[in-house]
2 protein chains.
Amino acid sequence: MKAVGIIVEYNPFHNGHLYHALQAKHTTQADVIIAVMSGNFLQRGEPAFVNKWSRARMALESAVDIVFELPYAFATANAPNFAQGAIRLLDAAHCSTFCFGSEDGNLEPFKRSLHLIQQAGDVYEEIVKEAVGRGLSYPKALNEAYLSTVDSANTKGSIADLSMPNNILGFHYMEAAQKIGSTIEPVTIPRIVARYHDDVVEGNRIASATGIRKSFFESDALNTVASFIPDSTREILLQWQSERQSFGSWATFYPQLRFIILRDGPERLRSIADITEGIENLFYRAAANNGTFESFMREVKSKRYTWTRIQRMLTHIFTGFTYDKRNCMTTPSYLRLLGMSQAGKNYLNENKKRLKLPLVSKAAAFSDPSLEMDILASDLYALGIGNEAFRSQIGTDYDTPPIIIK
Amino acid sequence: MKAVGIIVEYNPFHNGHLYHALQAKHTTQADVIIAVMSGNFLQRGEPAFVNKWSRARMALESAVDIVFELPYAFATANAPNFAQGAIRLLDAAHCSTFCFGSEDGNLEPFKRSLHLIQQAGDVYEEIVKEAVGRGLSYPKALNEAYLSTVDSANTKGSIADLSMPNNILGFHYMEAAQKIGSTIEPVTIPRIVARYHDDVVEGNRIASATGIRKSFFESDALNTVASFIPDSTREILLQWQSERQSFGSWATFYPQLRFIILRDGPERLRSIADITEGIENLFYRAAANNGTFESFMREVKSKRYTWTRIQRMLTHIFTGFTYDKRNCMTTPSYLRLLGMSQAGKNYLNENKKRLKLPLVSKAAAFSDPSLEMDILASDLYALGIGNEAFRSQIGTDYDTPPIIIK
């Protein structure tokens, strides 16, 4: 059996995701789709809209055959580390290919870009460093270095546009695959219609996840978005809503976050991963001054830090993810199975002995600092959601068996 | 003008407190009553029922002339440090006497006890150490050492019964006054009717604070307790209730406490004041297992640790009060004025230049680590109370002026 790997967040799963998954399978002639999915905290440094179990179920009920959890340390990391974690898992699961969405759906520009940057080597690194020194945000510095590398190589026009978020991730996936010497082959398909921040537009059956969440928060009903999401997604969101009366977001989690920032104080915040350059003092003052996440962010946002970078720091503050903890998690050490279809089950049976990392079906049976962190993140997410009935239900991750779709 | 000092928590202020304050004034022929009152966290390691401003107002509207805040570091400490902090403030405020409630209202047994223990010196300390080593709680070990000191001195019968909470505090007040070489004179009056844990009994106009809080939580109305508290206390509690719909208690604060214990983990908890001997691991497991404070305490309570000692550790966890922070706060460094009557104002005017510590009327105008901690404790208390409207109102301690009763 042949597997294609995809790297996803499904926040929440919608028609665009379904289309991408099916295209990936079709293009690569794969028998099964393996998704590496972020847990309850995402790459942009945000709590997921609904938890990982609900999102895994959405995926499995639509098209995906196997969902592995991308451990917290990688799911909430910058693009290179996020990519490294995800590609290692797909490689460990013996995927023949991985497929990512890009602006143009053409792999050649990515290959050329990768080649160019590798040729530039230290020069590239130095330009990045210098640009950060000038006060540029890290992604902007990367792009500047990239463009100047390209310019001097006189190959403009035939390389990937790394100012686009999807292209950046795709680039890092390819880089990661090459770095670890994997035989996994990259494939790209074009993104369709809705861009990252586009709102839901009626008459269009594809919308961005951001747009779907937004219309959901605004209308407080699923009617607006029903035509943009599979029925199974709709069912799962309805069930979530009736049980919790609340969705994951910084607005929801802010009272908790604020309490922690004030209680820890700058001194203790300094040990939290990604906190640098005295930003802990800014966070501390802003938490004292602001009663909403929106106004908190208005106070801390500056040119120097991207919104994403700030949110990642806040995620680590929320979960108590220190530099010390992160230092023990440099590479994924297990394949945490969140769920599978019948085809997925067959694939795993067939490949059981060839998997390059231990398969974890039940968390209680496996001991690992990174897995402990995933479980803690789940617990704190559950407490943050705030519904009394669910607040007491923590530690469930230890015993939750993988979802199996018949 | 002559002042008598009293050391109080007023949680909440009731007829018994009023009686004690008036008796203290009468017995000592004082012109004004100065109360040193705990802030938002109390000596038994609990959040106060209502905040310090409301409690100070209750006291000032009934009989007390000046309320100074006992800083967090002393208000939540064990009996000797609590006593040291409180007596230093009364001494700094130039009280001629301090008055405490005791079981018998007779000062002589206390004097003899103090003398005996001082004579025993190191022997006493050694018996305490040995008894703690055998697994006794600290208060029990103290009492054991005390009794054996007394036995060997053949003076039984004429000494204070230090197995009673009020007597223990009284003893430490006297010890503290002697240690700092203060000229302040001790006075004691007998406690009346209701003991610490007695419930409200109808037909009796004096009830314990514990009883009052309990009947309030149970009936959710002030009718039951109306005859045990002054009208002004009743008004203040009613206003609090209508604004916050919630009172301070571990039951209310537990979701927050639980989140912090899980998020910090044993590693970080170890730096919190009073955490010793691996109890952080027990707390961590119990927080994972229990959705209510009641069941949490059932799991962590053992013979080795008194309820109070455990609650103090939890208070420090809640407020992030580390060993490092406490080490900077060995003795009170200011007199924080929460409020005063006209007589109190006159007294302060008259004694302005004789006060032994700086008088802080507005927190924003004074900088001190201990004051910072008091303000932080107020903020975290406000966030813990949980009413949305009040959650955003933090940092108010900086600008709140002292209450002035006309």
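**Group meeting talk: a first walk through a two-chain model**

Let me start with a count: there are zero disulfides over all chains, taking a disulfide as a pair of cysteine sulfur atoms within 2.5 Å. For anyone new to the term, a disulfide is a covalent bond between the sulfur atoms of two cysteines.

Before we go on, some ground rules. This is a predicted model, where local features need pLDDT of at least 70 and side-chain atom pairs count only at pLDDT 80 or more, while totals for chains, interfaces and linings use all residues. Residues are numbered from 1 along each chain as its sequence is written, chains are lettered from A and ligands numbered from 1 in the order in which they are written, and side-chain values use heavy atoms, with hydrogens and water left out.

By buried I mean under 20% relative accessible area; exposed is over 50%, and partly exposed lies in between (1.4 Å probe, protein chains only).

His94(A) has a positive phi of about 60° although it is not a glycine. Its place is in the loop between helix 4 (79–92) and strand 4 (97–102) of chain A, and His94(A) is partly exposed, at 24% relative accessible area. When I say helix or strand, I mean DSSP runs, numbered from the N terminus: helices are H or I with at least four residues, and strands are E with at least two.

Chain B has a positive phi to show you as well. In Tyr10(B), a residue other than glycine, phi is near 50°. Tyr10(B) lies in the loop between strand 1 and helix 1 of chain B, and with 2% relative accessibility it counts as buried. That loop, between strand 1 (3–8) and helix 1 (15–28), also holds Pro12(B). The peptide bond from Asn11(B) to Pro12(B) is cis, with omega near 0°. In chain A, the bond from Asn11(A) to Pro12(A) is cis as well, with omega near -5°.

Phe41(B) sits in the loop between strand 2 (32–38) and helix 2 (52–62) of chain B, and Tyr381(B) in helix 17 (residues 369–385), so the pair ties together parts that are 340 residues apart in sequence. Phe41(B) is buried at 1% relative accessible area, and Tyr381(B) is buried with 1% as well.

Another edge-to-face pair joins Phe98(B) and Tyr173(B), with 6.2 Å between centres and 85° between planes. This one links distant parts of the chain, 75 residues apart: Phe98(B) is in strand 4 (residues 97–102) of chain B and Tyr173(B) in helix 8 (residues 165–179). Phe98(B) counts as buried at 1%, and so does Tyr173(B) at 6%.

The charged end of Arg244(A) sits over the ring of Trp240(A), 3.8 Å from its centre; the rule asks for NZ of Lys or CZ of Arg within 6 Å of the ring centre and within 35 degrees of the ring normal. In chain B, Arg244(B) lies over the face of Trp240(B), at 3.8 Å from the ring centre.

Trp240(A) comes up again with Ser246(A). Leaving out residues up to four places away in sequence, Ser246(A) touches Trp240(A), Thr252(A) and Ile385(A), where contact means heavy atoms within 4.5 Å. Ser246(A) is in the loop between helix 10 (231–244) and helix 11 (250–269) of chain A, and is buried at 13% relative accessibility.

Last, how the two chains go together. What rotation superposes chain B on chain A? It is 180°, with 0.0 Å of shift along its axis and an RMSD of 0.0 Å, fitted by least squares on the C-alpha atoms of residues with pLDDT of at least 70 in both. That is the relation of a two-fold axis.

Across the interface, 26 residues of chain B are in contact with 26 residues of chain A. The copies meet through the same surface, because 100% of the interface residues of chain B are also interface residues in chain A. About 2,300 Å² is buried between the chains, and carbon and sulfur atoms give 56% of this. Buried area here is the accessible area (1.4 Å probe) that two parts lose on being put together, summed over both. On the chain B side, Phe259(B), Arg263(B) and Arg268(B) lose the most area to chain A, together 34% of what that side buries.

Terms used:
Phe/Tyr/Trp six-rings, centres within 6.5 Å; stacked < 30°, edge-to-face > 60°.
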